[in-house]
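Work through these exercises with the sequence and the model open side by side. Try each task before you read its solution.

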Amino acid sequence: MATVGLLIRCEQSFGQIQKLKNALAVTQDSVTYSRILIALAQKYQNRQLDTCFQYLNMARGVTKRIGFKWGEAEVYRGLGGYYAYRDNSYLSFRFYLDALKLYRELKDSTGMTLVNIKLGVYQHYQGQHSEAEGYIKQALAMAMHMRNDSVMSAVMANYFFIYRNDTAHQALASRYLANAYQLAMKGGHTRMIIYSGLLKADEIYDQGDTALAVAKVKELVRIAMKKGFLYHALYGYAQLADYAIQAHSADSVIYQKEVIRLGLEGGYREIVLPVVAKFYRFYELRHQTKEADYYADLMADITELYEQSRSQGEQDYMDYYLQGKQLRQLQLQHDFQQQQLDRKALEARSRYLVIVCLIVLLILLILLLLDLNRSHRSSRKNADSLREMNKYISEQNALLRTHDDFKNKLISLIAHDFRSPLIQIIEITAYLQQGAFSVQEAAILFKRLENNAENTLQIFENILRWIRTQLSGFIYQPVPCTPAALIKEAMNAMKEEILERQVQISVQVPADLQVLADKEMLQFVHRNLLHNAVKFSPERGTIAITAGIDKEMVTINIADEGTGISTDMLDHLFEYRPENKGTKPSKGGAGLALIICKDFMDKMGGIIVAENHADKGCSFSYTLPCSKN
């Protein structure tokens, strides 16, 4: 089935050549015209080398005239292949380098990959193995990156061609050849199928299966002839001739004559010249004059045509000659500059002794300066040590003051929050001991006593929590809190005080409104603000608790109808100031409780403010982030 597919593609390939020729006759656009010429040259490179050269010359003129850089690069690559078939490795190498230069300017990965592998083949067979390896690695890397099956197939097949007899690379080369053949079959690239198949036949022959190798080569030669790939057919007959020679078979003569015939027909004259010379010596030794003369004339014709081919590249030789001349001029300039440098070196040596003396004096001066610098640094080091010590002492003093302030704040807080409830408990207990109340009144007092005890316990827990926030290691973890529910809870704890003063509290806070806060910290704020509002409200006064939302922040406002806050106290209401002599203490410690409220708000990322009303009373409000829930 694979053979049938190849034959079908052969018919299609001949049709493509005719279509290209038809398009060439009617094309008006110069770029398209040059592309068709290049395509025809590529089609004929493995079919008829002289025709290929004609198309390349035409394309070279057009691309140069219109400045078509990609076309020039393709022409140079084609000429590199042409002169490789012409056995002119120098010109082949030159044109491949020119093509590579243009491909790099154009950033054409396909062109660079194909030229790099050809340069690798050239350098390898020139014995420049390190240079060859560099080109081959570049070609492989670029081919792997592009994922182009036809390019990858060509690179891998050429890798096998280079390293098939190298034991260090033989295993990898064999795998690459198998991959090249599979990629060629997958993409339907007939020329690469034949080429990789011929290489595979050589591998089979080296493994000892001569019959299979011969059969495979014959089949591929038949397909190459059907398609018109004369070079591949020639290559296949050369393989068959080598197999026959090693087997001492008379068929080798038939195969070698086919090589000569295809070489002359396809224009690959220089390739078959060694075979022609071999036949000439063979018949001359046997004194078969007629046959010897035929091959002698054939050798002369091939040699003459070879010289003509070389003369066609004379301009390229001239270019290289001019480049060589420029290199020689550069070499002369280099030699002249080297002489000048030598003369200056002699003059420099004459000044050597003077420089040595100056260096000795300089060293002595440096030693003196180093000694002075060491003394200076020692004094500075002592001064720095003293300054650091003073700084450390200052920091420790500041830390001690901070701890002292914390101690004073804690004592004041405890005095503030425990004095009133404890006094009330003591008074109620005294009344009960005196028996001054009835059973019903005593039950009411017991109830009040129980509430006071619970409130005192709750206050104690709040104080402990506040102390924990002042110590290292506390981590604030906010949770959604409902102000309406917390305010109601705080009001229940102060129920006795509210009833005693007959204060009306209006709570206008949505029940579903939530803020991000620490619940215990926020409840401490609620209790203290409510306590102050009840404490400073007149009897039968009204306390209004409202809520407002601005963007993603929630503000809770607690307003009373009391006497308000003095201006002096309002400016420093939330600031902690130690009570020195002459400083009036805050009444009942309320100021310290507000300072703790401010401290809690700072830790929760909120703010707390106080302001007097125009007519009477004041209001306290805090603002916290709104919960997304």
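**Exercise 1. Place Asp297 in the secondary structure, then find the charged group it belongs to.**

Solution. The model is predicted.
- Step 1: Locate the element. Asp297 sits in helix 15, which covers residues 289-312.
- Step 2: Look for like charges on the surface. Asp293, Asp297, Asp301 and Glu304 gather there in a patch of negative charge.

**Exercise 2. Check the salt bridge between Asp50 and Arg86, and say which elements it links.**

Solution. 
- Step 1: Side chains of opposite charge can pair when their charged atoms come close.
- Step 2: Apply the cut-off. A Lys or Arg side-chain nitrogen must lie within 4 Å of a carboxyl oxygen of Asp or Glu. The closest N and O atoms of Asp50 and Arg86 are 2.6 Å apart, and the pair forms a salt bridge.
- Step 3: Asp50 is in helix 3 (residues 49-66), while Arg86 is in the loop between helix 4 (69-85) and helix 5 (89-106). The two residues are 36 residues apart, and the pair links distant parts of the chain.

**Exercise 3. Compare a UniProt feature at residues 352-372 with the modelled secondary structure.**

Solution. 
- Step 1: Read the record. The unreviewed UniProt entry places a "transmembrane region" at residues 352-372.
- Step 2: Read the model. The span is 100% helix and 0% strand.
- Step 3: Take the end-to-end distance. The end C-alpha atoms lie 30 Å apart.

**Exercise 4. Describe the hairpin of strand 6 and strand 7.**

Solution. 
- Step 1: Find the pairing. Strand 6 (residues 607-612) and strand 7 (residues 618-625) run antiparallel, joined by six bridges.
- Step 2: Pick a pair. Glu611 has Ser619 as its bridge partner in strand 7.
- Step 3: Inspect the turn. Five residues lie between the strands, and Gly617 in the turn has a positive phi of about 80°.

Technical notes. Residues are numbered from 1 along each chain as its sequence is written. This is a predicted model: local features need pLDDT of at least 70, side-chain atom pairs count only at pLDDT 80 or more; totals for chains, interfaces and linings use all residues. Side-chain values use heavy atoms; hydrogens and water are left out. Patches are made of residues with over 30% relative accessible area and no salt bridge: like charges are joined within 9 Å, nonpolar side chains (Val, Leu, Ile, Met, Phe, Trp, Tyr) within 5 Å. Accessible areas come from the Shrake-Rupley method with a 1.4 Å probe; for residues, only the protein chains shown count as cover. Lys and Arg count as positive and Asp and Glu as negative; His and the chain ends are not counted. The place of a charge is taken as NZ of Lys, CZ of Arg, CG of Asp or CD of Glu. Helices (H or I, at least four residues) and strands (E, at least two) are DSSP runs, numbered from the N terminus. Two strands pair if DSSP finds at least two bridges between them. UniProt positions are given in the numbering used here, feature names are shortened, and annotations may be inferred rather than shown by experiment.
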